[in-house]
Amino acid sequence: MKRILAASLFGLSLATSGLAYAEPVKIGVITTLSGGGAGLGIDARDAFQLAIKQSGNKDIELVVEDDAQKPELAVQIAEKMIQGDKVDLMTGIIWSNLAMAVVPNTVAQDVIYLSVNAGPSALAGANCNANYFNVAYQNDNFHEGMGEYANKDYKNTFILAPNYPAGKDALTGFKRYYKGALSGEVYTQVGQTDYAAEIAQIRASGADSVYFFLPGGMGIAFMKQYAQSGVGIPVMGPAFSFDQDVLPAVGDAALGVKNSASWSPDLDNEASKAFVQAFKAEYNRLPSVYAAQSWDTANLILSALSKASVKDKDAFRAALKAADFKSVRGDFTFNTNQHPIQNIYVREVVKDGDVLTNKIVATAFEKHKDAYAEQCGL
């Protein structure tokens, strides 16, 4: 277990008028720091720690643990954090199958959980909870954006994703807005590294395009094998398949690929510019969407702590719901199910000098709401 006390440096993150409640606050951060998905969790952890550090709040203690992308381990860690460490808040989980294993029991114990990434549909609709805030998105959202954008150029798309909650939400979201035909729909194994069979299916499908959601090491493996195969059918995806955590490993095969996100390093607002500058200065790399979402989560928590005691659950939930912080995404508000209302952009992979990154080329949706909020009784 790693305990990190927030440092006393002030900087570029949330500007507050001083904490209204100077009290010790313990935050449990469960995230993926080893294995094929480690890059995602490392980015989320690093951004969260940096936001707390730059806030100057010395009363926050982070308890950080590695879930190794294993649901059973995440459950054990969560129970230890709640019962043993007595954390006030929890966050950090990247993968939706881990979120489904941890979040329902966490919120049932009256612990507030804030998602930096995973946004399964099951927690956005009828199973929403007053103690559950998603600061990232609902899983379908980025895929909905690419489904809408794909209508512009394509009429027969092959789609694939891993067989777990986020993968199913991904293809559901794409199909919700895509009006063309599907030449194939395939669910792959979680953690799969050999895609020869799927690439052969794509080659024979007659598709004019490929849409895939394969985060972390899965996407790296797929794109390398796809490029080597010479199939040549255009690919597109959500940010998770073409973000800063994977682009260096994918290489030039990603150039020109369109992908969807709620944020991009070139987004033109002061909070985003300050975040990119701070992250690069601290870690000598560009931040990913995972980092941006985690940075916003930390700053949302800081904004709430400036208004209410974390011990007063009703007041603290109200302070979180107000979302009175400067998001890197610009305007940020919560829907009735405590998931974001936000723009979804289309980005293109480009080279900035020797560095692969993304630039915004279109806006798929403005102030987009998820499809499940009406089922939530909050």
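Reader: How many salt bridges does a search of the whole structure find?

Author: The model is a predicted one. Side chains of opposite charge can pair when their charged atoms come close. The rule used here asks for a side-chain nitrogen of Lys or Arg within 4 Å of a carboxyl oxygen of Asp or Glu. Searched in this way, the whole structure gives 21 salt bridges.

Reader: Lys 351 and Asp 252 meet in a salt bridge; how many residues apart are they?

Author: In this salt bridge the N to O distance is 3.1 Å. Lys 351 lies in strand S13 (residues 340-352), while Asp 252 is in the loop between helix H8 (247-250) and strand S11 (258-261). The pair thus links distant parts of the chain, with a separation of 99 residues.

Reader: What separates the centres of domain 1 and domain 2?

Author: Domain 1 covers 2-137 + 267-334, and domain 2 covers 140-261 + 344-375. Taken over C-alpha atoms, the distance between the two centres is 26 Å.

Reader: What area is buried between domain 1 and domain 2?

Author: The contact takes 22 residues from domain 1 and 26 residues from domain 2. The size of an interface is often given as the accessible area lost when the parts come together. Carbon and sulfur atoms give 68% of the area buried between these domains. The total is about 1800 Å².

Reader: How many residue pairs are in polar contact between domain 1 and domain 2?

Author: Across this interface the rule finds 0 salt bridges. Polar contacts are counted between domain 1 and domain 2 for residues both at pLDDT 80 or more, and they number 3 residue pairs.

Reader: Which element gives the most to the side of domain 1 that touches domain 2?

Author: Two or more residues come from each of helix H1 (38-55), helix H3 (96-108) and helix H10 (289-305). The residues of this side divide into 11 nonpolar, 11 polar and no charged. With 3 residues, the element that gives the most is H10.

Technical notes. Residues are numbered from 1 along each chain as its sequence is written. This is a predicted model: local features need pLDDT of at least 70, side-chain atom pairs count only at pLDDT 80 or more; totals for chains, interfaces and linings use all residues. Side-chain values use heavy atoms; hydrogens and water are left out. Domain bounds come from an automatic or database domain assignment. Contact means heavy atoms within 4.5 Å. Buried area is the accessible area (1.4 Å probe) that two parts lose on being put together, summed over both. A polar contact is a pair of N or O atoms within 3.5 Å; within protein, one must be able to donate a hydrogen and the other to accept it, and residues adjacent in sequence count only if both atoms are side-chain atoms. Helices (H or I, at least four residues) and strands (E, at least two) are DSSP runs, numbered from the N terminus. Ala, Val, Leu, Ile, Met, Phe, Trp, Tyr, Cys and Pro count as nonpolar, Asp, Glu, Lys and Arg as charged, and the others, Gly among them, as polar.
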